[in-house]
Amino acid sequence: MENNTPKKILIIYEFFYPAYKAGGIIQSLKNLVATLDHHCQFYVITGGFDLGEGKPLAGIQLNAWSTIQIDNTNIQVWYDDKKKLSINKWKSLFATVNPDIIYINGFMHLQFLLYPLIALRSFEYKKIIIAPRGMLQKGAVEVKSFKKFFYLLLIKFGKLTSKATWHFTSEAEKIEANQLGWGKRNTIVIPNLSIKPIDKPSSLWKEEGNLHVVYASIITPKKNLHYLLQALCLCKQNIVLDIYGVVKENDYWESCSAVIAAMPSNIKIMYHGAYEPSNVGEIINKYHAMILLSKAENFSHAIVESLSSARPVISSEFTSWNNLEAQKAGWNISINSVVETARSIDKIALTDNAEFETYYHGALILAQKHYNDTNHLSDYKLLFS
């Protein structure tokens with residue numbers, strides 16, 4: 001007789017709802033839980049703090065199982081204070097949940113990857129799934145590469161991932177991880193579940209020589225804000241850049257602030273702090289385009305949010321969203337030279353209103369196509385089978 005009991009899926013990631021400052025992975029996991037709630041029984045083990053915060057998340061209880069509602073779906077979440085999240089504590093938590101499948105997200109955290117993998121050696125599960133979430137792409141590994149080298153060496157020589165299934169969210173992410181020696185076997189590529197795009201674009205007048213753009217993402221070296229600011233210093237057109245996002249590394253933000261202080265008079269920049277994910281569409285709608293020149297992106301919810309709001313994207317070539325200009329949905333520009341990057345941004349700034357209108361429509365068309373073509377419910381059901 002077929003067993004129709006939903007599989008118990010234990011999700012592991014350092015941040016989870018109601019946290020939001022850590023970026024798109026939280027949104028990915030929320031979308032996943034809400035979409036698959038009728039097919040799986042979800043548990044989550046996470047930290048009890050938002051990114052950069054010293055106080056626990058509002059309304060949660062530390063070091064205890066809590067019932068959390070996400071889009072009318074109730075799941076069990078353990079919010080840990082992370083003070084004594086040892087290997088033995090992981091063993092105890094695994095024994096309590098007794099999940100069918102472990103779904104680990106991210107790849108660069110002792111307490112939320114290394115310790116669980118070591119603890120799992122004491123258990124036999126049908127499947128362990130690792131979703132690196134872009135953390136094994138070249139541009140991400142090269143940041144603080146010395147520490148990461150020894151960390152990755154420990155995992156590799158300990159054969160801690162030898163029995164894992166690898167979940168990549170794009171072919172580009174898979175290829176880069178494979179080139180670094182990770183995830184060559186037992187891999188599956190399934191894009192993140194997307195938000196529904198708006199029905200029709202709203203216009204924003206665009207004058208030749210003027211460009212209003214928004215950066216809405218975590219502020220880290222990987223996202224390459226400092227490089228963008230250096231390029232803007234060389235731009236000749238009138239450009240306004242508004243920055244939204246959590247500062248993850250203070251030293252990096254200080255270096256960005258120094259560049260901002262030296263901007264020429266034709267460039268206006270303002271930092272607005274963190275933003276609630278539910279407000280991002282409303283924020284993006286105030287600008288001509290989103291700009292994000294990341295060194296690596298495996299999916300980028302920020303890009304999806306922009307396209308879904310009918311706003312074109314100015315991005316690097318290191319994302320899964322390439323050939324944007326051919327689709328009249330944005331521009332993929334080189335980040336090999338600040339001079340060339342500045343020229344590309346100036347060229348976009350010189351676009352007139354009539355041409356820019358085509359990019360609003362092109363962005364929305366791409367978002368709608370992605371949404372319609374990537375209803376991956378069956379793929380995720382297979383992943384968690």
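## A parallel sheet

Isoleucine 291 stands opposite isoleucine 314, a residue of β13, in what is a predicted model. The strands involved here are β12, covering residues 289-292, and β13, covering residues 313-315, and they pair in the parallel sense over 3 bridges.

This pair belongs to an open sheet of 6 strands, in which the pairing is parallel and the order runs β11-β10-β9-β12-β13-β14. At the edges stand β11 (267-271) and β14 (330-332), and because each has a single partner strand, one side of each is left without a neighbour in the sheet. From one strand to the next, the twist averages 20°.

For leucine 225, when residues up to four places away in sequence are not counted, the residues touched are Tyr215, Ile219, Ile243, Tyr252, Trp253 and Cys256.

Phenylalanine 42 lies in strand β2, which spans residues 40-47. Its relative accessibility is 4%, and phenylalanine 42 therefore counts as buried, the cut-off for that class being under 20% relative accessible area.

Leucine 10 is 32 residues apart from phenylalanine 42 along the chain, yet the C-alpha atoms of the two are separated by 6.0 Å.

## Packing of α2 against α3

Helix α2 (residues 87-97) packs with helix α3 (residues 110-119) at an angle of about 70°, and their axes are 8 Å apart. The two helices are therefore roughly perpendicular to each other, since angles of 65 to 115 degrees are placed in that class.

On the α2 side, the residues of this contact are Ile87, Trp90, Lys91 and Phe94, and they meet Gln111, Phe112, Tyr115, Pro116, Ile118 and Ala119 in α3. Sorted by class, the contact of α2 with α3 has 8 nonpolar, 1 polar and 1 charged residues.

Notes: Residues numbered from 1 in each chain as written. Predicted model: local features only at pLDDT ≥ 70, side-chain atom pairs only at ≥ 80, totals over all residues. Heavy atoms only, no water. Pairing = 2+ DSSP bridges. Helix = DSSP H or I, 4+ residues; strand = E, 2+ residues; numbered from the N terminus. Axes fitted to C-alpha atoms, helices over the stretch in contact; angles between N-to-C directions. Parallel < 35°, antiparallel > 145°, perpendicular 65-115°, else oblique. Contact = heavy atoms within 4.5 Å. Nonpolar A, V, L, I, M, F, W, Y, C, P; charged D, E, K, R; others polar. Buried < 20%, exposed > 50% of the residue type's maximum accessible area, 1.4 Å probe, protein only.
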